[in-house]
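Visitor: I'm new to this one. Could you walk me through how to read it?

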Amino acid sequence: MINWDVFLPFAVVSVILWGIGAVATFRKSEGCSRASVVCTVAGIVVYAVFVGGLWTSLSRPPLRTLGETRLWYSLFMIVSGLIVYIRWRYRWIQMFSTIVAAVFICINIATPDIHDQTLMPALQSAWFVPHVTVYIFSYSVFGCAFLLAVSGLWHKTDKYLPSTDVLVNIGMAFLTFGMISGCIWAKQAWGSYWTWDPKETWAAATWCAYLVYIHRRLGKSSKSDITIPYITLVIGFLLLQMCWYGVNLLPNAAASMHSYN
C-alpha cells in the first residue's frame, strides 16, 4: 500500500529524473530536448503514482492538510515548468522549477503532516477537489511567471513579457474559477458566498494584483517602464504565498474556516 511512509523513495526517484531532465535541456542549444521531456514526464508519472496511491490509501483526496497541498504544488510546478520549456524553449526554467519542487518536497520530508482518513463534513463536497486543485495549479503557473519576472528584472530585458502575459492570463482563468467555485461551495456549506475570512481577503488581494498586471499590460506601457510589470508579478506571487499558507501564521488564523489542520 502506498502511504506517507514510502514518500521518500518516490520523491527521490522523481527529483532525480527531473534533475536529469533539467540538465538535458542544456545539452541542446536549439529546439526541444527529447531526453529532457522524456525524463521529466517519467518523474511526473512516478510522483503522480504516489499521489494516486496516497489518495487510495486515505480513501479521500489528499488535499486536506498543508503538506498534502505541497504534494500537488510540487507536481504542478514541474508540469508548468515543462509546458513553459516546450512552448518557449527557456532552458533554465526546467532547472528552477525542479529546485522549487524539490524545496517543497524537502519540507514535506522534514515536517510531514498527519495524514489520516478523516474529512470534516464541509469538505465532503463535489467542489472540494476541483476547487483546491485548480487553485494549486494556478499557483504553479504564477510560480513560473514569477521565475520569468525575476530573470527579466535581473537581466533588465522585456523578452519575457509576452510569455508572462500568457501565463498570467492562464493563471487568472484558473484562479478565477477557483474563487467562483469556492463561493458556490461556501454557500452550500456555510450559507454565505463570501464572509471576508482572512484567507478570502488575501485571495481577493492576490486576484487584484494579477488583475493590475493584466490591466497595465493591456495599456501597452512603454518599454522604458518594463520593471513595473515584473515587480507587479513579484508582489502578486508574495501575496499568493500569504494567501496559501501565510494566513496560518496570523493571530486570527484559528478562527478561519480555511485554515489547514
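Guide: Helices (H or I, at least four residues) and strands (E, at least two) are DSSP runs, numbered from the N terminus. Here, T65 sits in the loop between α2 (34-58) and α3 (66-88). Residues are numbered from 1 along each chain as its sequence is written, and side-chain values use heavy atoms, with hydrogens and water left out. This is a predicted model, where local features need pLDDT of at least 70 and side-chain atom pairs count only at pLDDT 80 or more, while totals for chains, interfaces and linings use all residues.

Visitor: Does T65 count as buried or exposed?

Guide: Buried means under 20% relative accessible area, exposed over 50%, and partly exposed in between (1.4 Å probe, protein chains only). T65 counts as buried because its relative accessibility is 0%.

Visitor: Which backbone nitrogen lies 3.1 Å from a polar atom of the T65 side chain?

Guide: That's the backbone nitrogen of E68.

Visitor: Which residues form the nonpolar patch on the surface?

Guide: Patches are made of residues with over 30% relative accessible area and no salt bridge, with like charges joined within 9 Å and nonpolar side chains (Val, Leu, Ile, Met, Phe, Trp, Tyr) within 5 Å. A salt bridge is a side-chain nitrogen of Lys or Arg within 4 Å of a carboxyl oxygen of Asp or Glu. Here L8, V12, I16, I20 and I109 make up the patch, with about 420 Å² of accessible area together (Shrake-Rupley method, 1.4 Å probe; for residues, only the protein chains shown count as cover). Helix α1 (residues 7-25) gives the largest share, four residues.

Visitor: How do I check the length of helix α8?

Guide: The expected span is 1.5 Å times one less than the number of residues. The 18 residues of α8 (residues 227-244) should span 26 Å, and the end C-alpha atoms are 26 Å apart, which agrees.

Visitor: What do the buried residues of α8 pack against?

Guide: Contact means heavy atoms within 4.5 Å. The buried residues of α8, including P229, Y230 and W244, pack against α3, α4, α5 (128-155), α6 and α7.

Notes. A polar contact is a pair of N or O atoms within 3.5 Å; within protein, one must be able to donate a hydrogen and the other to accept it, and residues adjacent in sequence count only if both atoms are side-chain atoms.
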